[in-house]
Amino acid sequence: MNKINKDGFTLIELLIYTVIFSVVAGLMTGILTTTIKINQRESSSNEVTSQLNFVMQTIQRLTKESSIIIVNSTSTDYDVDAQVGLPQSRLVLRMKDSGGAPTTDRDPITIYTSSSTIKMSQGSGANQIISDLTSNRVVVDQLQFT
């Protein structure tokens, strides 16, 4: 009598298992890439929201402390206010708490965008301090004040 040895897989079974494995692996890869994209999008959204909240709170706080609010597009004249209702690129805040001491004088405070970041300058001349309000993780393409 002839005995048939059935210790291995047939070619058809091997092809079916390979196809099933390939389909499941493809679906799992798709789910993984979609999950990573959503995670990156949410992380980016949280970063933008966080930095925007910081900028808005800073502007609100400084606006409350200021004595004069000027909106213009010039970086040299801090006392010229632009026409009302037209969007401008700079917010100039004249501070009433300036004591006239050059090293502690914050007047004027200017908020503007440069190199895709929102910047704030305090004081003028040699004692001017420029700081970034947003990090390089957020690209600011437009900032307007009305």
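Student: Which are the buried residues of H1?

Tutor: In this predicted model, the buried residues of H1 are Gln51, Val55, Thr58, Ile59 and Leu62. Buried means under 20% relative accessible area, exposed over 50%, and partly exposed in between, with a 1.4 Å probe and protein chains only. Local features need pLDDT of at least 70, side-chain atom pairs count only at pLDDT 80 or more, and totals for chains, interfaces and linings use all residues. Residues are numbered from 1 along each chain as its sequence is written, and side-chain values use heavy atoms, without hydrogens and water.

Student: What do the buried residues of H1 pack against?

Tutor: They pack against E1, E2, E3 and E4, where contact means heavy atoms within 4.5 Å. Helices (H or I, at least four residues) and strands (E, at least two) are DSSP runs, numbered from the N terminus.

Student: What span is expected of H1, at 1.5 Å a residue?

Tutor: The expected span of a helix is 1.5 Å times one less than its number of residues. H1 has 55 residues, and its reach of 81 Å from first C-alpha to last is close to the expected 81 Å.

Student: Why is one side of E1 and of E5 left without a neighbour in the sheet?

Tutor: Two strands pair if DSSP finds at least two bridges between them. The open sheet has the order E1-E2-E3-E4-E5, with antiparallel pairing. Strands E1 (66-72) and E5 (129-132) stand at the edges, each with a single partner strand, so one side of each lacks a neighbour.
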